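Subject: Structure handover: ligand site, cavities and pocket

Hello,

Here is the structure for your files.

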Amino acid sequence: MKTAFKKVFFSILAATFLTSLLIAAPVSADSIKLSYANFPPAPTFPCVQMERWKEEVEKRTNGKVAINTFPGGTLLGAKNMFDGVISGQADIGCLCMAYQPGRFMITNATSLPLGIPDAKTGSKVLLETYKKYKPESFAKVKVLTMFTTAPSNIMSKKPVRSLTDIKGMDLRASGGAAQILKAWGANQVGMPMSATPEALQKGVVQGLFSSVEVMKDFKFAEICKYITITDTVIYPFAVVMNMDKWNALPKDVQKVFNDLIEEQALWTGTYMDNHAREAIEWSQKDQNVEVITLPKEELATWNTMLESIVKNWIKEADQNNIPGKALVDYITSMVKANSTEAK
Ligand code: DTR
């Protein structure tokens, strides 16, 4: 009787132990630990995608890899992200390439006004552009994914209904988008997104130009009561890993990371598109924000004012030995192919 009880007891114990191993995929003491740095605060989309990637990696490697995430610039900031990953201050980092226009000229071509309609299309086109042109600027890192924001719109304290309204208005934007605001006559003020809340609070700027999910994630809707829909350009992002750390990973872990490159890009694009829509609804309902749609002819005039930006960029690219025209044509054709596919 005693022996039978013992048998049952130990079988249950063993079964419980094995089940817990299967369910939890626990992070063991000797798991590979990697740090992942991000510049904006935790609720924003670059960090939401970071947490999703971490979860997938830990699940798919059965706890063999543990990712330690650092949102809010606690490990590296917007401007030193790329170099910080190269030098190993963080193993992985998420950067907004548009903040360094000259450094990532090829991938930043996706942020020209070329009609990218949404973040899902943008993310696919960006990743394909990277794969096709293999820019030298990424030679020292392993690219883990790339994605874009949804198209940018104007969020402001005062309504922008015409070119007269925007003339001389201090608006925050960075990277390539700076030229767009200038073309429309605004007074562009450059800074990373992470510095924008303070600038809006202090009245240094009267609004900003970005994808609209920030109305909710940064609570900009409490200050900016107007959104003018222009759906102009996207901002491209990259997630990169220190090359030595990458080379030291076991092959099966490398496969998990590689399998996630495109999946993560599309997941993030889809999340961003849905979240931008939600943020507009929330801003209107909860924050009494007015959404301004420009009349068709007016919007056409605004878009025509941006044509010289692409022309000038092609010239500048050629001077830097980058096939400017071919790159613009490639992106335009990829946008067409992928947005039709999405319909
Ligand atoms: N539009 C770019 C990038 C961007 C959009 N949303 C967020 C949220 C957090 C950080 C960056 C971004 C920009 O204006 O900086």
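On a 1 Å grid over the protein atoms alone, a cavity is a set of points where a 1.4 Å probe fits but cannot get out, and a pocket is an open set with protein on both sides within 12 Å along at least five of seven lines; lining residues have an atom within 4 Å of a point. Grid points are joined across faces, edges and corners, and a volume is the space filled by probe spheres set on the points.

The model is predicted, with local features needing pLDDT of at least 70 and side-chain atom pairs pLDDT 80 or more, while totals for chains, interfaces and linings use all residues. Residues are numbered from 1 along each chain as its sequence is written, and side-chain values use heavy atoms, leaving out hydrogens and water.

Cavities

Searching the whole structure gives two cavities of 30 Å³ or more. The largest cavity holds about 150 Å³ of space. It has 16 lining residues, with Phe45, Tyr99, Met193, Ser210 and Phe237 nearest its centre. The second largest cavity has about 30 Å³ and is lined by Ala98, Ser111, Ser174, Gly176, Ala177, Val233, Ile234 and Tyr235.

Ligand

Where does the ligand sit? It is in the largest cavity; the criterion is that more than half of its atoms lie within 2 Å of the grid points. Around the ligand are 15 residues, the closest being Tyr99, Arg172, Ser210, Glu213 and Tyr235 (a residue counts if one of its heavy atoms lies within 4 Å).

- Tyr99: 2.5 Å from a side-chain N or O atom to a ligand oxygen.
- Arg172: 2.6 Å from a side-chain N or O atom to a ligand oxygen.
- Glu213: 2.7 Å from a polar side-chain atom to a ligand nitrogen.

The protein buries 100% of the 350 Å² that the ligand exposes when taken alone (Shrake-Rupley method, 1.4 Å probe).

The largest pocket contains about 260 Å³ of space. Its lining has 16 residues, and Pro101, Gly176, Gln179, Trp313 and Glu316 are the closest to its centre. α13 contributes the most to this lining, with four residues (helices are DSSP runs of H or I, at least four residues, and strands are runs of E, at least two, numbered from the N terminus).

Regards

Note on methods: A polar contact is a pair of N or O atoms within 3.5 Å; within protein, one must be able to donate a hydrogen and the other to accept it, and residues adjacent in sequence count only if both atoms are side-chain atoms.
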